[in-house]
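Open the model in your viewer and keep the sequence panel beside it. This tour tells you what to select at each stop and what is there.

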Amino acid sequence: MKKNIFLLNLLLITFCSILYSSIYAQSISFTFDDGTLGDRPGYSFEKWNAMLLKKLRDNNVKATLFVTGKGKDSKRGKHLLESWNNDGHSIANHTYTHPNYNSPKVTFEQLKNELLKNDSLIKQYSNYQKYFRFPYLKEGNTKEKVEAFRNFLKEQNYKNGYVTIDASDWYIDSRLIKKLRTNPSFDINKFRKFYLEHIWNRAQFYEKISFELTGRHIKHNVLLHHNLAAALFIDDLIQLFKEKGWAIVSTKEAYADPIYNQIPNNAGESLIYALAKDSEKYEGKLRYPAEDSRYEKKKMDKLGL
């Protein structure tokens, strides 16, 4: 009898521990924007794309590729979409040509057509998902444009492909490519260190605010780009989060978090940034733009990167 009670208590403790971990553990998912088709110093497009996919596969990570459609009807473009789709990653919409909706020159009708044109290209893939990510995370420079596109997304049964952790990985990648073109033997470990520290820093920033706003650890979604830096360093980034105690979840699981049902008044940037603006409690802590090359340039210059 005592043995049975002991086993029941042990099972209860184990169950509660698992439940607690699933609810309260810090967690992150990975999304990749654009879909770059170019060769890079020392790496053909096919090679570095395959490298990135293998590292995701080896770490059992299911991500989402928010793809821009221009050029994706080419041989390389089809290879990109097929390779990601066949590996079980979601394919989602990032417009056709990546216009900035905050620009007065970009109208609602233009962005609407951008979504529809790209949708016709990507909907043939089995892992196609109706998520839309605004280029540059800019959701409109007027209230009318913001509301018009939100209504359009709803009509099309699309959801906003929100980000909770934003970063400037694209800028690190651009400098990495420039450095390798001028110095192919440059030690990329220096870039790796900066890449990891930068994204971890931004994750901590947005995690702190999200916890203060919600009182819990949400399922985060980090915005990365489909580029050489990701191909070289994504496995190290995944390992870093694991070592810090974060769970790695699929983007499908992350987007099931109720946080992504929020509709902030301050549209644009990351979801956490927008909700923080709504709260009016972070005026001295939020910069605009939230993430940009200007914040990393001096640090990278000083390090010779």
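**Stop 1: helix α7.** Select α7, with its 26 residues. From first C-alpha to last, α7 reaches 37 Å, close to the 38 Å expected at 1.5 Å a residue. The expected span here is 1.5 Å times one less than the number of residues in the helix. Helices (H or I, at least four residues) and strands (E, at least two) are DSSP runs, numbered from the N terminus. Now select G215, which follows α7 and has a positive phi, near 75°.

Two notes before moving on. This is a predicted model, in which local features need pLDDT of at least 70 and side-chain atom pairs count only at pLDDT 80 or more, while totals for chains, interfaces and linings use all residues. Residues are numbered from 1 along each chain as its sequence is written, and side-chain values use heavy atoms, with hydrogens and water left out.

**Stop 2: helix α8.** Select residues 228–243, which form α8. How far apart are the end C-alpha atoms of α8? They are 23 Å apart, which agrees with the 22 Å that its 16 residues should span at 1.5 Å a residue. Next, colour I234, where α8 bends by about 55°. The bend is the angle between axes fitted to the seven residues ending there and the seven starting there.

Show the side chains of α8. The buried ones include L228, A229, A230, F233 and L237. Buried means under 20% relative accessible area, exposed over 50%, and partly exposed in between (1.4 Å probe, protein chains only). What covers the buried residues of α8? The cover includes β1 (27–34), α2 (45–58), α6 (169–182), α7 (189–214), β6 (219–225) and β7 (247–248).

**Stop 3: A230.** Stay in α8 and pick A230. A230 counts as buried because its relative accessibility is 0%. Leaving aside neighbours within four places in sequence, A230 is in contact (heavy atoms within 4.5 Å) with F32, L52, Y195 and H225. For scale, draw a distance to Y131: it is 99 residues from A230 in sequence and 22 Å away in space, C-alpha to C-alpha.

**Stop 4: the core.** Select F30, F32, Y195 and L237. Of the 82 residues in the largest nonpolar core, these four touch the most other members. Helix α8 gives the most to this core, with 11 residues. A nonpolar core is a set of buried Ala, Val, Leu, Ile, Met, Phe, Trp, Tyr and Cys residues joined through side-chain atoms within 4.5 Å. Centre on Y195. Beyond its neighbours within four places in sequence, Y195 is in contact with D169, I172, L224, A229, A230, F233 and L237.

Stop 5: Select residues 90–93, strand β3. S90 and A92 point one way, I91 and N93 the other way, and all are buried. Strands pair if DSSP finds at least two bridges between them. Find T64 opposite S90. From β2 the chain crosses through helix α3 (residues 75–86) to β3, and this β-α-β crossover is right-handed. Right-handed means that, with the strands pointing away from the viewer, the path from the first strand over the helix to the second runs clockwise.

β3 and β4 pair in the parallel sense over two bridges. I91 stands opposite Y128, and N93 opposite F132. With helix α4 (residues 108–122), β3 and β4 make a right-handed β-α-β unit.

**Stop 6: strand β5.** Select residues 159–160 for β5, which runs parallel to β4 and is joined to it by two bridges. F132 stands opposite N160. β4, helix α5 (residues 143–155) and β5 make a right-handed β-α-β unit.

Stop 7: Most residues other than glycine have a negative phi, and most peptide bonds are trans. Select T95, in the loop between β3 and α4. T95 is not a glycine, yet its phi is positive, about 75°. T95 is buried, with a relative accessible area of 0%. Then go to E269, in the loop between α9 (251–255) and α10. Its phi is also positive, about 65°. Is E269 buried or exposed? E269 is buried, at 8% relative accessible area.

End at P289, in the loop between α10 (271–279) and α11 (297–303). The peptide bond from Y288 to P289 is cis, with omega near -5°.
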